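The sequence and structure are shown first.

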Amino acid sequence: FVELAGVDKNSVVLDNCCGTGGFLISAMKKMLIDADGDKEKEKNIKDNQLIGIEFQDDIYALLISNMIIHRDGRTNIYWGDCFREIKDVKKRFKPTVGLLNPPYKTKASDIEEIEFILNNLEALEPGGTCIAIIPISCVIEKTAAATNLKKRILEKHTLEAVLSMPEELFHNSRVNTVTCAMIVTAKKPHPK
């Protein structure tokens, strides 16, 4: 995902559903390599260019531990609701890349996965790239609610691609679902 999003030393990466921080750590590694030993740039990457939001307190604790183990980058990790925190994140950091694996809906009252994508896109700078891994059902579902969410993406953003993910990607987890990756360019309405 980091490669697909074109992450480099100047990227500002946001994961609004960051879990244990895998996307942020991958982005940080790529950004530090691209900084090519520039200590000032490396410090700026860790201090200002990696932003994560996690809602669950037990996962948040793992996230912070994981970021510390991978040599910091924990500075801008929020514990809270991404739908409340996003305006502050947008204003303070002006993210250019969004990477996320939102919580998968397991009951009717859960938030739709595409809502988390829209939340991420809201924070990105125009032309920024959002890549999200979601259940394939979110893309092919034809209910009125699902269609409305997809229309909301296309009204303000450009869907660049939908990529199939390996079917066995989550076979050992609770979700055990077939997934895809959506690649979206922020704040450029999809062509008619």
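## Basis of the description

A residue counts as buried under 20% relative accessible area and as exposed over 50%, with partly exposed in between. Glu115, at 23% relative accessibility, is therefore classed as partly exposed. The model discussed here is predicted.

Side chains of opposite charge can pair when their charged atoms come close. Glu115 forms a salt bridge with Arg152, at an N to O distance of 3.3 Å. Glu115 belongs to helix α5 (residues 113–123) and Arg152 to helix α7 (residues 144–156), so this pair ties together parts that are 37 residues apart in sequence.

Arg152 has a relative accessible area of 33% and is partly exposed.

In total, the model contains 5 salt bridges. One of them joins the side chains of Glu42 and Lys39, with 3.5 Å from N to O. Both residues lie in helix α2 (residues 39–48), and because they are 3 residues apart, about one helical turn separates them.

Another salt bridge links the side chains of Asp110 and Lys107, where the N to O distance is 3.9 Å. Asp110 is partly exposed, its relative accessible area being 22%.

## The sheet

The model includes an open sheet of 7 strands with mixed pairing. What is the order of the strands in this open sheet? The order is β3-β2-β1-β4-β5-β7-β6. Strands β3 (77–79) and β6 (158–164) form the edges, each of them pairing on one side only. On average, neighbouring strands of the sheet are turned by 20 degrees against each other, with direction ignored.

Strand β5 (residues 129–135) and strand β7 (residues 179–185) run antiparallel and are joined by 7 bridges. In this pairing, Ile131 stands opposite Ile183 of β7.

Methods:
Residues are numbered from 1 along each chain as its sequence is written. This is a predicted model: local features need pLDDT of at least 70, side-chain atom pairs count only at pLDDT 80 or more; totals for chains, interfaces and linings use all residues. Side-chain values use heavy atoms; hydrogens and water are left out. A salt bridge is a side-chain nitrogen of Lys or Arg within 4 Å of a carboxyl oxygen of Asp or Glu. Helices (H or I, at least four residues) and strands (E, at least two) are DSSP runs, numbered from the N terminus. Buried means under 20% relative accessible area, exposed over 50%, partly exposed in between (1.4 Å probe, protein chains only). Two strands pair if DSSP finds at least two bridges between them. Axes are lines fitted to C-alpha atoms, for helices over the stretch in contact, and angles run from 0 to 180 degrees between N-to-C directions.
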